[in-house]
Amino acid sequence: EYQKAKALISYIPDAPFLYDKLTGREFLNLVVGLYGLEGEAGRKIPELLDFFGLSSWGNRLIENYSHGMRQKLIMGASLLHHPRLIIIDEPLVGLDPRSARQVKDVLKKKSQEEGVTIFISTHTLSLAEELADRIGIIDKGRLIALGTKEQLKRQAHSSGKLEESFLKLTGEEG
């Protein structure tokens with residue numbers, strides 16, 4: 001059961017642990033081996049490195065990567081096995097605007113075109129507003145609202161952006 005679940009899920013933390021003494025390419029090959037994907041996924045490594053702008057860094061040690069580069073590497077690694085569920089904690093932390101746009105585009109494509117379910121944990125309400133079909137608002141460890149942006153606006157008696165609804169629902173704005 002564990003192996004079946006692992007094959008369906010990817011998790012991308014906001015501060016990924018990567019093996020600093022491996023190169024980016026070696027790390028992706030390690031992930032390929034962990035998932036038993038030596039065929040097709042192994043051939044995808046150069047494509048992923050190129051897509052995330054890491055081609056020239058693929059043979060350099062990860063210890064030399066910036067936080068944003070590490071995020072892009074872990075994002076690429078998380079896509080190797082074609083997961084059906086992706087769980088991401090603060091997906092845009094440390095990314096420059098171009099890379100942030102790329103990540104958002106990848107997530108939209110995975111969700112809209114491939115039917116992948118994506119759970120995003122974020123404090124960036126504009127990101128949730130842009131990407132999410134349904135939004136859950138957690139306050140003090142409790143889920144206090146769940147729904148579409150429009151449903152949350154109605155519940156909060158708000159006509160503005162998600163930030164206004166959030167503040168009203170959490171009692172931080174009158």
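Visitor: Which residues line the largest cavity?

Guide: A cavity is a set of points, on a 1 Å grid over the protein atoms alone, where a 1.4 Å probe fits but cannot get out, and lining residues have an atom within 4 Å of a point. Here the largest cavity is lined by Ile12, Gln71, Lys72, Met75, Ile88, Pro91, Leu95 and Val103. This is a predicted model, in which local features need pLDDT of at least 70 and side-chain atom pairs count only at pLDDT 80 or more, while totals for chains, interfaces and linings use all residues. Residues are numbered from 1 along each chain as its sequence is written, and side-chain values use heavy atoms, with hydrogens and water left out.

Visitor: Which helix gives the largest share of that lining?

Guide: Helices (H or I, at least four residues) and strands (E, at least two) are DSSP runs, numbered from the N terminus. Helix α4 (residues 67-79) contributes three residues, the largest share of the lining of the largest cavity.

Visitor: What is the volume of the largest pocket, and which residues are closest to its centre?

Guide: A pocket is an open set of grid points with protein on both sides within 12 Å along at least five of seven lines. Grid points are joined across faces, edges and corners, and a volume is the space filled by probe spheres set on the points. The largest pocket has a volume of about 1000 Å³. It is lined by 28 residues, and Ile120, Ala132, Arg134, Ile135 and Gly136 are the closest to its centre.

Visitor: What is the volume of the second largest pocket?

Guide: The second largest pocket has a volume of about 330 Å³. Of its 13 lining residues, the closest to the centre are Phe27, Val31, Leu34, Tyr35 and Ile74. Helix α2 (24-34) supplies two or more lining residues; its four residues form the largest share of this lining.
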